[in-house]
Amino acid sequence: MRSLDDLTMYMYGLLDPAAEEKMKAHVATCPDCVRMGRRIAAEHKLFKGALAREYPDLPAWTSAGATRHRRKS
Amino acid sequence: MRRVNLLGLETDEDLAQRAREGGREAERLLILRLYPGVYTLADRLLHNPENARDAAQEAFLRAFSRLHQYDGAHRFSAWIFRILVNLIRDEFRRSNRVVTAELKPDDWPSNEPIPLEAAIREENYARVRGHVDRLPEQMKTALLLHFQENLNGREIAYALGITYDAARLKISRAVAKLRQWMGEDE
């Protein structure tokens, strides 16, 4: 089984292409990594939901373009 | 040649090109697309909605006044986040325009019970956000750029002005800290 850190970086899409290919091949044959990968995916979903982008009301200047409404200092 | 994305919309990068050529409509569209993410990141780093609005506007002002410097090596959004991160680091923090975290009003209407599943989910989300606020600033920013903005490792590195390996390490350590703190909550 690969380390939690390596698996996390794999699941997060943060491995180099070569390392990603190696990991992909390993995970395909490792039930422990598959199980851990599922937990990491669930955790990723939780973090993603918690840190989702907000959609605030747009201030008036946004409809006119930034360069036409200088911010008050 | 004009490029479009999967939704048939002009890409941010093409809009940036048109804005550089003086296209006001392109500039406006870029603001409409990117403002929510820029504002959200600023608010999560500054913990002050008014300062976040100022920082977001200033980031766009700077971006559009320096469009000639955008070389297209990264997505336009990564470039504007880089501007925002530098702006917050150099100006908003230096001038002590950061206030302590403030409690935000609950979005749920007070006269209706919160569905249990949603309540548990919201509680977990709030726990995550609370722990994210405990992270060192660069770790927190890297994590937000990944989860909130879907930036890839190289884009996060570019936005933070650090190496790709350093960006990956920050995310890895940030996630490890979150796991530790979440585990301590149990």
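1. In helix α2 of chain A (residues 17-27), the buried residues are Met23(A), His26(A) and Val27(A); buried is under 20% relative accessible area and exposed over 50%, with a 1.4 Å probe and protein chains only. They sit on the same side of α2(A) because their arc around the axis is only 95°, taken from the directions from the helix axis to the C-beta atoms. Helices here are DSSP runs of H or I, at least four residues, numbered from the N terminus.

2. Before going on: this is a predicted model, where local features need pLDDT of at least 70, side-chain atom pairs need 80 or more, and totals for chains, interfaces and linings use all residues. Residues are numbered from 1 along each chain, chains are lettered from A, and side-chain values use heavy atoms, without hydrogens or water.

3. What covers the buried side of α2(A)? The cover includes α1 and α3 of chain A. Pro17(A) and Ala18(A) are exposed on the face turned away.

4. On to the interface: 35 residues of chain A are in contact (heavy atoms within 4.5 Å) with 44 of chain B. The two chains bury about 3800 Å², 60% of it on carbon and sulfur atoms; that is accessible area (1.4 Å probe) lost on being put together, summed over both.

5. Chains A and B share five salt bridges, meaning a Lys or Arg side-chain nitrogen within 4 Å of an Asp or Glu carboxyl oxygen. Arg53(A) pairs this way with Glu149(B), with the closest N and O atoms 2.4 Å apart. On chain A's side, α1 (4-11) and α3 (31-50) each give two or more residues, and α3(A) gives the most, eight.
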